[in-house]
Amino acid sequence: MISTWELFWTVCLIFCGGAFAVVTIIVAYAGISDVVDLIRGLKLERDSSIDH
Amino acid sequence: MAFSPLDWTILVVYVVACFYAGIYCKKFIGNTEDFLVAGRRVGLHLGVATLAATEIGTVTFMYYSELGYRDGFAAFIVALLSGLVMIFIGQSGFMVQTMRGLNLMTVPEYCQNRYSKGVRLLAGVLVALGGLLNTGVFLKTEATFLTIFTGIPERGLLYVMVAILLLEMLYSVLGGMVSIVITDFIQYIFLSVATILISILTVKEVGWGHIVQTIRITRGANGFNPLSNPDLGWTFIVWQVLAMFASYTCWPTTAMRAFSMKSKDLSRRLFTWSGFIFMGRGMLPMLWGVAALAALGPQTVPIDAMPAFVRTILGSGVRGLVLAGMIAATMSVNSSYLLAWSGIISQDIIMPLRRRLPSEKVQVLTNRIANVFVSLFLLFWSIFYTPKGDLYMYLYIAGTMFLAGTFACVFYGLYWRRASSAGAYAALIGGAFGSLGNLVLGIPASYAGFAAFSLAAAGMIIGSLMWPTRGGAI
């Protein structure tokens, strides 16, 4: 017989595993533009400090 | 099955790409803020990737799978709570939003702004001590995983670990947080692909029904119910919730991610998003541990069970990808921890001892030198020290040495106007004593951990009421 705890942990595992995969896909896709922004911002800051 | 040339090629390409990306960022480091918090220019998705990569290492997989092997599905409570606490912090902005607004670079820095230089110094010493004891066991644990997983003899593996540590040290010394967040991004993709692959193959190869049946037979109700499990129970759960709140707000690597975000609002959202990853970060490796019990039986050494099991379910090519993922996990964690502890030693111990704050150039150089010394310490400590008992408990109790007191200092400092320097000293000392109760006297970890937080809170309240100081909450 399936106990309440067994059912609870099965549902939790499916939810948490699924959430991990979905958030990872979003982060991998949208993170690239964040990397580009970070490098561009630091580059601009470095160039402006050289100019001064 | 031995590693094929394809497996090794995947691994080498990955390590070279990471190393190049890390070194490339050196030219962007202009001052201490760039070095320690990436100039506070990190966007939401990159922030989530770097926080997740920092807190998901081979050592994380090892201690969570050990818990799963030992306590079955009941261990899942730890993973569930960790995600829920993080989502709560994200939704409420509890502590992190205000801390990000103060433009801090380290947590002990707050102690100087709110209390005194002496409190910052004591907090810095405890953070460095507890942090080094915690991180000091990472290399050996990672080496254990790689030895079992790859079949490389232990002696050869020591050289591999030294080489990995040197690579991490080189790019974190040169490029600081900028190198780390960018390499973390690459590393997060590799390690999450490996995590998902192993989890799918685990259920496919062992079978869900067989896994559940094994826990029913070997662990009984305690394998499902965390409240009746003697290793867990209410004291453990309350300590864990306190430790998670403290850890996610005051743990240096996590706090530095929040401080690196572009804005206060993004620092909150970082926690909400990461909460979902943190549930999987705990539950999936625990599943591997539970499946290892089903596949290998109860006679295996718990910490060795997961790598021995994972080795048997992966084919050629997939092994290389998984190994790259595990190396990614190792590198992302170690490089971030190197930066965090060296940042604390430099900014919160060395700098406050100097009469005048040196130039930015000297501060960055001091951080880099501290980073080299921290690396050497971790290498020697991991060779000569092996923790007794469960790895998870050891890591949490070592961290509690500074977390209980630091959390009390920041929490009461932010939300209680009467918090004073005397209270802060008492909180830091009380928290450290609670943790030493386990490390020195052998009191069970959950009782010692609970005592640490209680002593820290009592120290703060009694100390502040007995010796008040002027000034209000910052």
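Let me begin with the second largest cavity, whose lining residues divide into four nonpolar, three polar and no charged, where Ala, Val, Leu, Ile, Met, Phe, Trp, Tyr, Cys and Pro count as nonpolar, Asp, Glu, Lys and Arg as charged, and the others, Gly among them, as polar. This is a predicted model, in which local features need pLDDT of at least 70 and side-chain atom pairs count only at pLDDT 80 or more, while totals for chains, interfaces and linings use all residues. Residues are numbered from 1 along each chain as its sequence is written, chains are lettered from A and ligands numbered from 1 in the order in which they are written, and side-chain values use heavy atoms, with hydrogens and water left out.

The second largest cavity is lined by B:Thr135, B:Gly136, B:Phe138, B:Leu139, B:Leu165, B:Asn334 and B:Leu378, and its volume is about 40 Å³. By a cavity I mean a set of points, on a 1 Å grid over the protein atoms alone, where a 1.4 Å probe fits but cannot get out, and lining residues have an atom within 4 Å of a point; a volume is the space filled by probe spheres set on the points, which are joined across faces, edges and corners.

Turning to the largest cavity, its volume is about 300 Å³, and among its 22 lining residues B:Glu55, B:Tyr63, B:Trp251, B:Arg281 and B:Tyr337 lie nearest the centre. That lining divides into 13 nonpolar, seven polar and two charged residues, and its largest share, six residues, comes from α18(B), helices being DSSP runs of H or I with at least four residues, numbered from the N terminus.

A polar atom of the B:Ser274 side chain lies 2.7 Å from the backbone oxygen of B:Leu270. Beyond neighbours within four places in sequence, B:Ser274 is in contact, meaning heavy atoms within 4.5 Å, with B:Val48, B:Leu51 and B:Met86.

B:Val241, by contrast, is in helix α12 of chain B and is partly exposed, with a relative accessible area of 24%. Leaving aside neighbours within four places in sequence, B:Val241 is in contact with B:Leu81 and B:Val85.

Methods. On a 1 Å grid over the protein atoms alone, a cavity is a set of points where a 1.4 Å probe fits but cannot get out, and a pocket is an open set with protein on both sides within 12 Å along at least five of seven lines; lining residues have an atom within 4 Å of a point. Helices (H or I, at least four residues) and strands (E, at least two) are DSSP runs, numbered from the N terminus. A polar contact is a pair of N or O atoms within 3.5 Å; within protein, one must be able to donate a hydrogen and the other to accept it, and residues adjacent in sequence count only if both atoms are side-chain atoms. Buried means under 20% relative accessible area, exposed over 50%, partly exposed in between (1.4 Å probe, protein chains only).
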